[in-house]
Amino acid sequence: MSVTITSFPANSRYQGAEVLRYVAEDGSEVAWLVPRVVPDPSRFTAIGTHLVNEGDRLDNIAAQRLGDAELAWRIADANRAMRPGALTEKVGTRLVITLPEALGGPSVA
């Protein structure tokens with residue numbers, strides 16, 4: 001049995017995520033999120049870049065460039081980061097800033 005949870009905020013990477021539930025013989029229930037597959041970055045439209053500076057944090061970059069610190073996951077997705085913190089470890093790293101996957105348009109990066 002699966003259901004869709006809508007309690008995640010609209011800016012969450014888990015918005016609309018499928019939740020699977022298992023009911024054991026004793027009646028206890030276990031629920032888990034279906035693993036999220038990170039989209040191929042080529043499906044995003046680039047709108048700019050950010051050159052990492054000393055002390056940068058992904059949430060601050062997202063707040064500055066996307067208007068919401070909670071959207072740091074979008075920058076991680078666009079830059080194929082399995083470990084988002086690694087994106088800001090090296091000064092001079094160029095991060096791609098993109099539109100959400102569902103939006104398109106001409107790339108300006």
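The largest nonpolar core has 11 residues: Val52, Leu58, Ile61, Ala62, Ala72, Ile75, Ala76, Ala81, Leu87, Leu95 and Ile97. Helix H1, helix H2 and strand S5 each supply at least two residues of this core. A nonpolar core here is a set of buried Ala, Val, Leu, Ile, Met, Phe, Trp, Tyr and Cys residues joined through side-chain atoms within 4.5 Å. Buried means under 20% relative accessible area, exposed over 50%, and partly exposed in between (1.4 Å probe, protein chains only).

The model is predicted: local features need pLDDT of at least 70, side-chain atom pairs count only at pLDDT 80 or more, and totals for chains, interfaces and linings use all residues. Residues are numbered from 1 along each chain as its sequence is written, and side-chain values use heavy atoms, with hydrogens and water left out.

Leucine 87 belongs to the core. What does leucine 87 touch, not counting residues up to four places away in sequence? The list is Val52, Leu58, Ile75, Ala76, Asn79, Ala81, Thr93 and Leu95. Contact means heavy atoms within 4.5 Å.

Now the overall layout. The chain has two helices and five strands. From the N terminus on, the order is β-β-β-β-α-α-β. Helices (H or I, at least four residues) and strands (E, at least two) are DSSP runs, numbered from the N terminus. Of the 109 residues in the chain, 27% are buried. Take the contacts between residues at least 6 apart in sequence: 51% of them join residues at least 24 apart.

Helix H1 covers residues 58-66, and its buried residues are Leu58, Ile61 and Ala62. Seen down the axis of H1, these fall within an arc of 100°, so they line one face of the helix. The arc is that of the directions from the helix axis to the C-beta atoms. The buried residues of H1 pack against strand S4 (46-51), helix H2 (72-78) and strand S5 (94-98). Glycine 67 follows H1, with a positive phi near 80°.

Next comes the loop between strand S3 (29-33) and S4, where proline 41 lies. Proline 41 and asparagine 79 are 38 residues apart along the chain, yet their C-alpha atoms are separated by 6.9 Å. Leaving out residues up to four places away in sequence, proline 41 touches Asp77, Ala78 and Arg80.

Aspartate 77 also forms a salt bridge with arginine 36, the closest N and O atoms being 2.3 Å apart. Aspartate 77 lies in helix H2 and arginine 36 in the loop between S3 and S4, so the pair ties together parts that are 41 residues apart in sequence. Aspartate 77 is buried, at 4% relative accessible area. Arginine 36 is partly exposed, at 29%. A salt bridge is a side-chain nitrogen of Lys or Arg within 4 Å of a carboxyl oxygen of Asp or Glu.

The whole structure holds four salt bridges. Another one joins arginine 21 to glutamate 29, with the closest N and O atoms 3.2 Å apart. Arginine 21 is partly exposed at 28% relative accessibility. Glutamate 29 is partly exposed too, at 49%. Glutamate 89 pairs with arginine 83 in a salt bridge, the closest N and O atoms being 3.1 Å apart. Both of these residues, glutamate 89 and arginine 83, are exposed.

Finally, tyrosine 22. This residue sits in strand S2 (residues 18-23). Tyrosine 22 counts as partly exposed, at 48% relative accessibility.
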